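Hello,

Here is the structure for your files. My notes on the ligand site and the domains follow it.

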Amino acid sequence: MKLELTSEMRAAMPLIEQLEAEGHEAVFVGGAVRDAVLGLSVHDIDIATSALPEQVMALFPKCIPTGLQHGTVTVVQEGETYEVTTYRTESEYEQFRKPSSVAYVLQLDEDLLRRDFTMNAMAIRQSGSVYDPYDGLSDLHKFRLRCVGKADERLQEDALRMLRAIRFLGTYGLRPVPSLWRAMKAYKPLLRHIAMERVQAELDKMLSGDVPERALAWLGASGLWADFKEAVPPDLLARIQEIAEDGRDEMASLGSLEHLDERWAAILLSLQADEKDAQELLASLRLPNKRTSLIMTVLRLHSELAVRVNTGDEPGIRAAWLASVIRFGEEAAMHWLHVVRALKPQAGQVSEESANRLSAMLEEMPVKSLKQLAVSGNDLQQALSRKAGPWMSIMLKRLLIAAASGEVANERDKLLAASLLWNEEGI
Ligand code: ATP
Ligand code: MG
């Protein structure tokens with residue numbers, strides 16, 4: 001089969017041509033080939049070559065020795081980076097993950113043999129012809145995911161492949177061949193050897209696709225959650241298993257959310273995770289603090305507002321919403337609104353209509369943060385002739401709420417007048 005090369009591959013072609021001109025072999029491999037075959041957009045381009053790393057480095061002026069121990073050199077050309085890896089095998093695996101040593105080989109077939117799944121073991125040559133010794137094309141046409149070689153052996157060598165399998169099943173809408181599914185069930189305890197950072201990276205990739213629900217359903221059905229190196233909190237795990245066993249469709253419409261961490265928040269709310277469990281799970285996954293804090297803020301907003309918005313007490317809802325926007329910030333409030341719109345009714349509790357009303361209120365708020373308030377702490381000190389102290393932040397907060405709700409206009413003199421009055425009243 002001959003393929004129309006993608007524009008990214010055409011841009012990388014000079015690398016292949018230069019290597020070939022020197023008498024080496026060089027081909028496109030990996031995810032780029034898989035995605036090009038499927039007519040999808042291609043992100044990172046990997047090249048495999050018979051040239052040794054030092055030969056690659058001698059040929060291209062701009063190189064970064066990113067992974068020399070694995071035979072990988074990153075070549076920079078026209079501002080793009082390309083990973084160029086010498087044909088290799090992985091001899092022994094250590095701790096069910098990284099190969100303890102690699103050996104260079106001369107044949108492309110041998111290099112492709114070490115790759116995880118047949119659809120990831122195809123290559124595209126300079127001519128555009130697809131080289132596919134392990135029948136990846138045929139598996140793709142049949143929508144099935146299959147290991148190169150025996151699934152039992154391949155998953156035991158490297159347990160991360162199980163999570164990669166889930167990602168591919170979800171992203172490409174495939175089904176595992178029975179031997180792969182059986183092996184995943186049998187060897188899932190080996191996931192204990194995989195660093196949580198790697199688990200998190202795979203989960204993020206799974207959740208970033210167009211239909212993240214599909215990967216999540218496979219993840220639930222496989223039971224892999226139960227075998228992470230660091231345990232998922234028991235209540236959460238029980239809930240995941242319950243949903244998986246009943247085959248219930250309770251997960252939020254994640255695909256409608258653009259922001260990855262909104263997807264995470266929606267999952268935690270769908271699982272009815274309490275704050276402690278959510279925090280524990282995110283910490284075990286080594287999620288960076290900034291991301292954890294965004295997700296946790298959305299959960300907090302939900303626990304403060306979800307029940308309240310159904311009370312019908314409009315002034316109370318409005319006051320709580322303003323206070324939450326001020327406390328957690330406009331951005332977090334918007335994230336929460338996105339998330340509640342994606343939740344299924346069981347977890348959601350906030351109707352479309354309520355979400356629309358809150359959204360309109362947010363838009364109409366004249367001020368949403370202290371930064372936007374027309375007076376500062378300094379202004380207050382001067383106007384009230386008072387020394388700096390804790391009263392300032394109390395006063396600023398009260399002014400902010402008044403300005404946000406439209407009770408006092410966000411104008412310097414109006415705000416200072418209000419502060420004078422409240423000061424006399426003893427604030
Ligand atoms: P994507 O780039 O879309 O995340 P990918 O399949 O390209 O997916 P990479 O991590 O970029 O993933 O790896 C490039 C190629 O290296 C894969 O297509 C596969 O052939 C091989 N590979 C990656 N990880 C493994 C692994 N754990 N076991 C065996 N082969 C692997
Ligand atoms: Mg890739």
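**Ligand site and domains**

A nitrogen atom of ligand 1 is 3.2 Å from a polar backbone atom of D116. Polar contacts here are pairs of N or O atoms within 3.5 Å; within protein, one must be able to donate a hydrogen and the other to accept it, and residues adjacent in sequence count only if both atoms are side-chain atoms. This is a predicted model: local features need pLDDT of at least 70, side-chain atom pairs count only at pLDDT 80 or more, and totals for chains, interfaces and linings use all residues. Residues are numbered from 1 along each chain as written, chains are lettered from A and ligands numbered from 1 in written order, and side-chain values use heavy atoms, without hydrogens or water.

D158 sits 2.9 Å from a nitrogen atom of ligand 1. R115 sits 3.1 Å from an oxygen atom of ligand 1. The protein covers 82% of the 580 Å² of accessible area that ligand 1 has on its own (Shrake-Rupley method, 1.4 Å probe; for residues, only the protein chains shown count as cover).

Ligand 1 lies between domain 1 (1-137) and domain 2 (143-230), because both give residues to its shell. The domain bounds come from an automatic or database assignment.

Now domains 2 and 3. The C-alpha centres of domain 2 and domain 3 are 29 Å apart. Each of the two gives 14 residues to the contact (heavy atoms within 4.5 Å).

Regards
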